[in-house]
Amino acid sequence: MKLKDSRIIVTGGAGFIGSNLVKSLNEHGHKNIIIVDHLTNSGKWKNLVDLKLAYYFDRNRFLETLNNNQLNDIETIIHLGACSNTTETNEDFLIYNNAIFSKILFDFSIKNKCRFIYASSAATYGDGSKGYNDKERILTPLNCYGYSKHLFDQWVLDSPEKPKQCVGLKFFNVFGPNEYHKGQMASVVYHGYNQIIKDGEIRLFKSYKEGFEDGEQKRDFIYVKDALKVILFFLHNESKSGIFNVGTGEARTFFDLAASTFKALNLKPNIRFIEMPESLKGKYQYFTEADMSSLKKIGYDKILFELEEGVKDYVQNYLVHL
C-alpha cells in the first residue's frame, strides 16, 4: 500500500508537532488522515484551518469509538497527543493522559496490526546523570511529565508483543511554527520574539547551579521541520523499530538562542536575567544533548538546520506574519 493511500490516525494533530506533520503529509498528497485532539479553549483550532483531513475526533469520543470497534482499516497511528506541561501538578491526569491512554493505542495497534509511532521525551533523562543514550533504561526524571513518558517507554520495551512497527521518539527541545497555543510551554524563541516586540528585550532565567553562568544553560534545540523529517523517515521505513532520540546532537546555550532571535530581526541583543520560579528550581534541566548514534545506525542521514538558520526561518517566515 502506498503511503498516500493508507489511513493514518494522528493524535495531537491540532497541536504543535502534529499540525506541522499533517501539513507535511498533505503536501505529499496524503489526505486520508484522522486527527484526534482535545481543543477546549486553547486556540489550537487555528492550526487546523489549512489542513486536509478525513475526520476529526475529540479525544474522549475517539476512545468510545475505539471501544466500540468502529474504526477499521487503520494502517498507522502516530501518537503525538500528550500533556507536555512540565509544571503540571495533577499526577493522576499526567499518568492517564500520557501513559495509560498511550497503552490503549499501543494495544489497539497490536490487535489491529497497525504501525505505531509515538512521542516520548528528553524529559525522561532527568538531570542527565545517566547520559542521553536512548538505550539507557534506568532513568530518574525530574518531574511527573517526564515520569509519565518514561513509564510508557518501559511498558513498550517490556511488552512481549508489539505492533508490526513500533517507534518511540524522544524529542528534545523542539521549536517552530504552530506552537502559539502552548502558553508558558512554548519555546524561548516564541516568547523572546514577543518580549522583543513589546519591551525590546529577552528575559532568561538566572542559573542556580555551579558550573553554569546565567544564560549558559544548554539544551539540544531542534527545529520542528527537522523533527518532521524523522517521523517521515519511519513512515517510509516500516522495517525500522525502536526508541530513538530526536535532537541535533549539539547542545547550545539559551544565550545563543536569544541572540539568534535578535539577529533574525537585525537587532543588537538585549538580554536580562530574571529569577527562576521556586517551583522550577529543583526540576530544571541545565544540560541536554541527544546521543544520535542509534538513529544514524539505521540509516538516517538528513542534514539539519543550524540553530541560527532554524531561528531565522521561524522568525522571518512565521512570527513576523502573525
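## A buried salt bridge

Aspartate 153 is buried, with a relative accessible area of 1%, and in this predicted model the residue takes part in a salt bridge with lysine 170, the closest N and O atoms being 3.9 Å apart. Because lysine 170 lies in strand E6 and aspartate 153 in helix H4, the pair ties together parts that are 17 residues apart in sequence. Lysine 170 also counts as buried, at 4% relative accessibility.

Helix H4, which covers residues 144-158, also holds tryptophan 155, and this tryptophan is partly exposed, with a relative accessible area of 32%. Together with Tyr96 and Ile100, Trp155 forms a nonpolar patch on the surface, and the accessible area of the three residues together is about 250 Å².

In soluble globular proteins, nonpolar side chains tend to be buried together. The largest nonpolar core of this model has 66 residues, and those with the most contacts inside it are Ile17, Leu21, Leu80, Leu169, Phe171, Ile231 and Phe234. Helix H6, residues 224-235, supplies the largest share of this core, with 9 residues. A second, separate core has 30 residues, among them Phe62, Leu63, Tyr145 and Cys166.

The surroundings of leucine 169 can be described in more detail. When its neighbours within four places in sequence are left aside, leucine 169 is in contact with Ile117, Tyr118, Ala119, Ser120 and Ser121, and also with Val230, Ile231, Phe234, Phe244 and Val246.

## Helix H1 and its surroundings

Helix H1 runs over residues 16-27, and its 12 residues reach 17 Å from the first C-alpha to the last, which is close to the 16 Å expected at 1.5 Å a residue. Because 10 of its 12 residues are buried, H1 is largely enclosed by the rest of the structure. The buried residues include Ile17 and Leu21, both of which are listed with the most contacts inside the largest nonpolar core; the buried set also includes Gly18, Ser19, Asn20, Ser24 and Asn26.

The elements against which the buried residues of H1 pack are strand E1 (8-11), strand E2 (33-37), strand E4 (76-79), strand E6 (165-171), strand E7 (173-175) and helix H6. Just after H1, glycine 29 takes a positive phi of about 90°.

## A network of salt bridges

The count of salt bridges in the model comes to 17. One of them joins arginine 272 and glutamate 201, whose closest N and O atoms are 2.8 Å apart. Arginine 272 lies in strand E13 (residues 271-274) and glutamate 201 in the loop between helix H5 (188-199) and strand E8 (202-205), so this pair ties together parts that are 71 residues apart in sequence. Arginine 272 counts as partly exposed, at 41% relative accessibility, whereas glutamate 201 counts as buried, at 13%.

Salt bridges that share partners join Lys198, Asp199, Glu201, Arg203 and Arg272 into one network.

## Loops and positive phi values

Most residues other than glycine have a negative phi. Aspartate 73, however, has a positive phi near 60°; this residue lies in the loop between helix H2 and strand E4, and at 65% relative accessibility aspartate 73 counts as exposed. Asparagine 178 also has a positive phi, of about 80°, although it is not a glycine. Asparagine 178 is found in the loop between strand E7 and helix H5, and at 18% relative accessibility this asparagine counts as buried.

The loop between helix H2 (59-67) and strand E4 also contains asparagine 72, which is partly exposed, with a relative accessible area of 45%. From C-alpha to C-alpha, asparagine 72 and tyrosine 125 are 36 Å apart in space, and they are 53 residues apart in sequence.

How values were computed
Residues are numbered from 1 along each chain as its sequence is written. This is a predicted model: local features need pLDDT of at least 70, side-chain atom pairs count only at pLDDT 80 or more; totals for chains, interfaces and linings use all residues. Side-chain values use heavy atoms; hydrogens and water are left out. A nonpolar core is a set of buried Ala, Val, Leu, Ile, Met, Phe, Trp, Tyr and Cys residues joined through side-chain atoms within 4.5 Å. Buried means under 20% relative accessible area, exposed over 50%, partly exposed in between (1.4 Å probe, protein chains only). Helices (H or I, at least four residues) and strands (E, at least two) are DSSP runs, numbered from the N terminus. Contact means heavy atoms within 4.5 Å. The expected span of a helix is 1.5 Å times one less than its number of residues. Patches are made of residues with over 30% relative accessible area and no salt bridge: like charges are joined within 9 Å, nonpolar side chains (Val, Leu, Ile, Met, Phe, Trp, Tyr) within 5 Å. Accessible areas come from the Shrake-Rupley method with a 1.4 Å probe; for residues, only the protein chains shown count as cover. A salt bridge is a side-chain nitrogen of Lys or Arg within 4 Å of a carboxyl oxygen of Asp or Glu.
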